[in-house]
Amino acid sequence: MIEVKNLTKIYSGRKVLDGAGAVILDGETFSVIGPSGCGKSTFLKCVVGLTRPDSGAIIVDGRNVAEIEDELEMARVRRNFGYLFQGGALFDSLTVMENVTFGLRYLTDIPKKEHERIGREKLALVGLENAENLKPAELSGGMKKRAALARAIAAEPKYILYDEPTTGLDPITSELVLELISDMAAKLRITSIIVTHDIKLAFTISDRIAMLNNGRFEVTGTPDEMRASADPVVKGFIEEGLSSGAHQRPPGGRGR
Amino acid sequence: MTSFFFKSVGERSLLLARKLGAVALMLRSVAVWLFRAPLETREVVRQSVRIGVESLSVTILTSFFTGMVLALQMGYTSRNWFNEPLYIGTMVAFSLVKELAPVLTSIVVSGRVGAAVTAEIGTMKVTEQIDALYTLGTNPTRYLLIPRYIAFMITLPLLTVFADFTGVMGGFLVSSVKLNVPSSVYWNDIFTFMKISNFMHGFIKTFGFAFMIATVSCYKGLHCEEGAEGVGKATTEAVVMSMVLVLVLDYFVSAMLVAVGLI
């Protein structure tokens with residue numbers, strides 16, 4: 001479980017996060033939505049220790065990540081996390097297979113001779129079986145996202161953090177990535193935190209959604225609860241997001 | 001007007017102090033992680049090939065022609081003064097081994113490789129690949145900086161040895177073909193006067209240059225501003241700064257080596 005308490009982060013005098021708090025339960029898919037520049041990516045980076053908050057606590061399985069100073073200790077905490085960056089962040093000088101298996105050496109004790117087998121397995125999961133020897137520059141945007149996803153799940157983390165997983169992708173590839181995220185959560189029982197401005201994605205696959213605005217999670221609830229929210233800011237944001245293209249989903253949250 | 005001047009000086013001083021502090025923190029991190037985690041041997045080899053092997057041809061070309069022009073200049077000057085080309089081998093070898101080979105090799109490498117290192121690390125920073133290193137269980141010091149530091153410190157001195165040799169050969173070519181100096185005279189001029197301490201003077205300097213080029217290139221890459229413009233600006237600054245610092249450091253290191261008897 002991840003518990004965020006009173007998280008504050010200030011950039012150049014501006015409070016990007018101002019006392020934000022949330023609880024993310026094991027196995028759930030938790031989406032964070034909000035206007036551009038509201039601090040969604042900052043929140044995600046604080047959770048995994050890439051950004052140190054100015055105050056507050058981030059309790060991951062009973063451990064306050066925000067207090068960890070030692071890089072080796074932080075690396076041990078990060079063993080439980082996979083992170084899908086907005087642009088993929090694949091290493092340009094390595095092939096797809098080398099990218100996917102990169103973390104196995106540092107995050108796990110799996111022998112090196114097993115790495116390639118695991119890499120192939122994860123690439124097959126994301127539909128990139130034939131891309132293992134390609135370099136990132138030779139991949140399309142959708143393929144890069146999928147390769148980055150394979151890398152994020154290679155060490156079979158407990159938590160996966162997704163930073164705008166469908167941004168910049170065409171609708172078909174977005175749908176594919178959405179299905180992959182959903183399958184991963186269902187099959188591997190991974191806890192997912194998704195930061196997105198894609199309201200349709202959030203409402204399709206999330207167990208709960210939180211709206212970040214003015215540095216705080218103003219409203220948190222299931223997709224149905226969010227739809228029914230009387231908060232005018234939330235209502236307006238969601239209605240605007242959902243009305244841009246029809247997307248039907250069954251009521252009551254992601255069916256599990 | 002006066003307060004604006006002092007404010008400007010104050011702001012620049014604070015900025016410089018912050019940057020020097022950041023460099024010091026980076027160096028501390030390199031020193032700590034050098035012993036804290038296993039070495040990324042594959043990366044050291046890869047960087048050594050990039051920095052050393054791939055710079056060999058340009059180093060040889062630069063030093064060969066430098067040796068040739070030294071011999072030419074010294075030969076004709078000597079002829080004007082003494083009616084014959086005297087001690088060409090001595091002057092070419094001493095100039096190259098003690099000064100020109102280390103400095104020119106360092107400048108060539110800082111322009112060719114230093115720029116590439118800054119651009120690579122800077123691009124990694126702006127595309128979140130540095131953050132990705134952290135999430136995958138390692139860190140940029142361990143995976144990026146230390147291999148580059150080691151590669152620079154191993155390959156730059158070795159490149160300088162190649163530069164010494166090829167520069168002297170370039171001088172030999174001009175002195176024997178153009179100046180008609182017998183080859184035995186050319187080589188005797190070198191080996192009569194040159195001691196191992198003269199060679200070590202130039203060789204030791206390159207370790208200082210290598211460390212400095214690695215520091216500037218890595219620091220500029222890690223601290224570049226966002227976007228392609230930020231990376232481009234950092235790359236240019238890294239090259240200019242490295243080249244200037246090679247020349248500045250050259251004086252101080254030379255003075256230090258002379259003071260301890262390595263003349």
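## Close-ups of a predicted two-chain complex

**View 1. Chain A as a whole, with 46% of its 256 residues counted as buried.** This is a predicted model, so let's begin with the overall build of chain A. Chain A has ten strands and ten helices. Its radius of gyration is 18 Å, close to the 18 Å that the globule rule gives for 256 residues, so chain A is as compact as a globular protein of that length. Laid along its principal axes, the C-alpha trace of chain A covers about 55 × 45 × 35 Å.

**View 2. The six-stranded sheet of chain A.** Here we have an open sheet with mixed pairing, and its strands come in the order β6-β7-β8-β3-β9-β10. Which strands sit at the edges? They are β6 (81–84) and β10 (216–221) of chain A, and each of them pairs on one side only. Ignoring direction, neighbouring strands in this sheet are turned by 15° against each other on average.

**View 3. Strand β7 of chain A, covered on both faces.** Strand β7 takes in residues 159–163 of chain A, and five of its five residues are buried. In a regular strand, side chains alternate between the two faces of the sheet. For β7(A), one side holds Tyr159(A), Leu161(A) and Asp163(A), while Ile160(A) and Tyr162(A) are on the other; all of these are buried.

**View 4. The strands on either side of β7(A).** How do β6(A) and β7(A) pair? They go in the parallel sense, over four bridges. One spot to look for is Leu84(A), whose bridge partner in β7(A) is Tyr162(A). Moving across, β7(A) also pairs in the parallel sense with strand β8 (residues 191–195) of chain A, this time over five bridges. There, Tyr159(A) has Thr191(A) in β8(A) as its bridge partner.

**View 5. The β9–β10 end of the sheet in chain A.** Strand β9 (residues 208–213) of chain A is joined to β10(A) by five bridges, and the two run antiparallel. To find your place in this pairing, look for Leu212(A): it stands opposite Phe217(A) in β10(A). Recall that β10(A) is an edge strand, pairing on one side only.

**View 6. Glu43 in chain B.** Glu43(B) belongs to helix α2, which covers residues 41–51 of chain B. Leaving aside residues up to four places away in sequence, Glu43(B) touches Tyr143(B) and Pro147(B). Ala238(B) lies 195 residues from Glu43(B) along the chain, and their C-alpha atoms are separated by 22 Å.

**View 7. Where chain A and chain B meet.** The contact draws on 16 residues from chain A and eleven from chain B. On the chain B side, six residues are polar, three are nonpolar and two are charged. As for the predictor's own confidence, the complex gets an ipTM of 0.89 and a pTM of 0.90. For chain B, the mean pLDDT is 95, and 100% of its residues reach 70 or more.

Definitions and conventions
Residues are numbered from 1 along each chain as its sequence is written. Chains are lettered from A and ligands numbered from 1 in the order in which they are written. This is a predicted model: local features need pLDDT of at least 70, side-chain atom pairs count only at pLDDT 80 or more; totals for chains, interfaces and linings use all residues. Two residues are in contact if their C-beta atoms, placed from the backbone, lie within 7 Å. Ala, Val, Leu, Ile, Met, Phe, Trp, Tyr, Cys and Pro count as nonpolar, Asp, Glu, Lys and Arg as charged, and the others, Gly among them, as polar. The radius of gyration is taken over C-alpha atoms; the globule rule is 2.2 Å times the number of residues to the power 0.38. A residue is buried if 20 or more other C-beta atoms lie within 10 Å of its own, exposed if 12 or fewer, and partly exposed in between; C-beta atoms are placed from the backbone. pLDDT is the predictor's confidence in each residue, from 0 to 100. Two strands pair if DSSP finds at least two bridges between them. Axes are lines fitted to C-alpha atoms, for helices over the stretch in contact, and angles run from 0 to 180 degrees between N-to-C directions.
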